[in-house]
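Hello,

Here is the structure I promised to pass on to you. Have a look at it first, and then read my notes below with the model open beside you.

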There are 2 protein chains.
Amino acid sequence: MRHLTSDDIQSLPSRFRAQFINSITGVKSANLIGSVSARGNTNLAIFSSVVHLGSNPALLGFLLRPTTVERHTFNNIKETSAFTINQVQTHFIDKAHQTSAKYNHNISEFEAVGLEEEFLSDCKAPFVKSAPLKIACRYKNEYVIEENGCRLIIGEVTDVFYQKQIQSKDGFLDLTQTDTAGILGSDAYVKIDLLHRYEYAQPDQVLKTK
Amino acid sequence: MRHLTSDDIQSLPSRFRAQFINSITGVKSANLIGSVSARGNTNLAIFSSVVHLGSNPALLGFLLRPTTVERHTFNNIKETSAFTINQVQTHFIDKAHQTSAKYNHNISEFEAVGLEEEFLSDCKAPFVKSAPLKIACRYKNEYVIEENGCRLIIGEVTDVFYQKQIQSKDGFLDLTQTDTAGILGSDAYVKIDLLHRYEYAQPDQVLKTK
């Protein structure tokens, strides 16, 4: 196996290092975050950093880098407190990735990449109409990661829209049935297939599949 | 589509809600975190919350829930400052999931589930010998998420061990070539397959695959 130390990593060319270190954590979720400015300009941006924080209350988080196109998303959320999380499917990964281009503030990525927006319930922020799983969130808080200036944005889940047929009796949503995409590194998109679900693990029992 | 509001979610039975809300963020990474107490007891625990924080310096994070078996991992990291992140492959997802059982503090999950430990470089914490991608980290900081008592643990990458043949010329590691696993919800394991890598997106250009 190849072994790189922290000194080796630090001396890599910066783009090579970014591709490499972006890859090492494993597969990441593929979500489009929808938002809108106080003046009504809608925005859509691909994120691979949406994480589960807790179920009671239902909380999600995502990471914002210090200086990127994602700032439109951040500014909008600060103005309106609302954002949406829309599951990316494998058949529109190209459109999803295209949202990472540096469009001007007054251009909506929905229109630019060809994804239809829709407004649901009381949420001010736009959803991706074709997404099979859509979440409305209200901004709760943010934590600045002092080590590199990233921000962890915390959102409270206010609404979830999903296809009923993918839900198991125990509440689980089998997203493989809706062709959910995943992300490796910063630019690789994957499809996923279910292998097994497992029962709650106990120290003295052989693990069973569900 | 089914629509649940925050009131609907709040009124779900707690296990159903946990399965549901754990599912909605999309696919998650599958990593085993290795650690060791000051007295030398090794520990191994499955985590689906390892996230990329930055490449310069190389920083990772993972989330710890307030009260779970993961506390052994947390206590060990506080004692030794070292931990390892080991990529789960599809052929040992059963052993990986079994580490989530509540073993006593003096029992090593390595032995209990049948994964061989190894020590590499200067890292005090144990690695999973068979993992095709292994990362050594040094504890840097932690952020308590006030909203629910979770902690975001920040680690600095000190060493990376990986199979050279999965690395592209630009630094990217194609983890689909090492049968990396992913996680949906809290107990579902998936395999992943590469669809496309994309070039850097530009506003006025048609997106190209790499």
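T5(A) stands opposite D159(B), a residue of strand β11(B). The two strands concerned are β1 (residues 2–5) of chain A and β11 (residues 150–162) of chain B, which run antiparallel and are joined by four bridges. Strands here are DSSP runs (E, at least two residues; helices are H or I, at least four), numbered from the N terminus, and two strands pair if DSSP finds at least two bridges between them.

Before going on, a word on the ground rules. This is a predicted model, in which local features need pLDDT of at least 70 and side-chain atom pairs count only at pLDDT 80 or more, while totals for chains, interfaces and linings use all residues. Residues are numbered from 1 along each chain as its sequence is written, chains are lettered from A and ligands numbered from 1 in the order in which they are written, and side-chain values use heavy atoms, with hydrogens and water left out.

Now to the interface. How many residues does each chain bring to the contact (heavy atoms within 4.5 Å)? Chain A gives 104 residues and chain B gives 104 residues. Together the chains bury about 8800 Å², with 63% of that on carbon and sulfur atoms; buried area is the accessible area (1.4 Å probe) that two parts lose on being put together, summed over both. M1(B), R2(B) and T25(B) supply 8% of what chain B buries against chain A, more than any other three residues.

There are also 48 residue pairs in polar contact between the chains, both residues being at pLDDT 80 or more. A polar contact is a pair of N or O atoms within 3.5 Å; within protein, one must be able to donate a hydrogen and the other to accept it, and residues adjacent in sequence count only if both atoms are side-chain atoms. On the side of chain B that touches chain A, strand β13 (residues 188–197) gives the most, with ten residues.

Salt bridges come next (a side-chain nitrogen of Lys or Arg within 4 Å of a carboxyl oxygen of Asp or Glu). The whole structure has 22 of them over all chains, and four salt bridges cross the interface of chain B and chain A. One salt bridge between the chains joins K210(B) to D187(A) at 2.8 Å, N to O.

Inside chain A, D170(A) and K210(A) meet in a salt bridge of 3.1 Å, N to O. D170(A) sits in the loop between β11 and β12 (181–184) and K210(A) in the segment after β13 (188–197), so the pair ties together parts of chain A that are 40 residues apart in sequence. D170(A) is partly exposed at 24% relative accessible area, and K210(A) is partly exposed at 44%. The cut-offs are under 20% for buried, over 50% for exposed and partly exposed in between (1.4 Å probe, protein chains only).

In chain B, is K134(B) buried or exposed? K134(B) is buried, with a relative accessible area of 1%, and its salt-bridge partner at 3.2 Å, N to O, is E118(B), which counts as buried at 18%.

Last, find F119(B) in the loop between β8 (117–118) and β9 (127–128) of chain B. F119(B) is partly exposed, at 45%, and touches T42(B), K124(B), A125(B) and P126(B), leaving out residues up to four places away in sequence.

Enjoy exploring!

Notes: Contact = heavy atoms within 4.5 Å.
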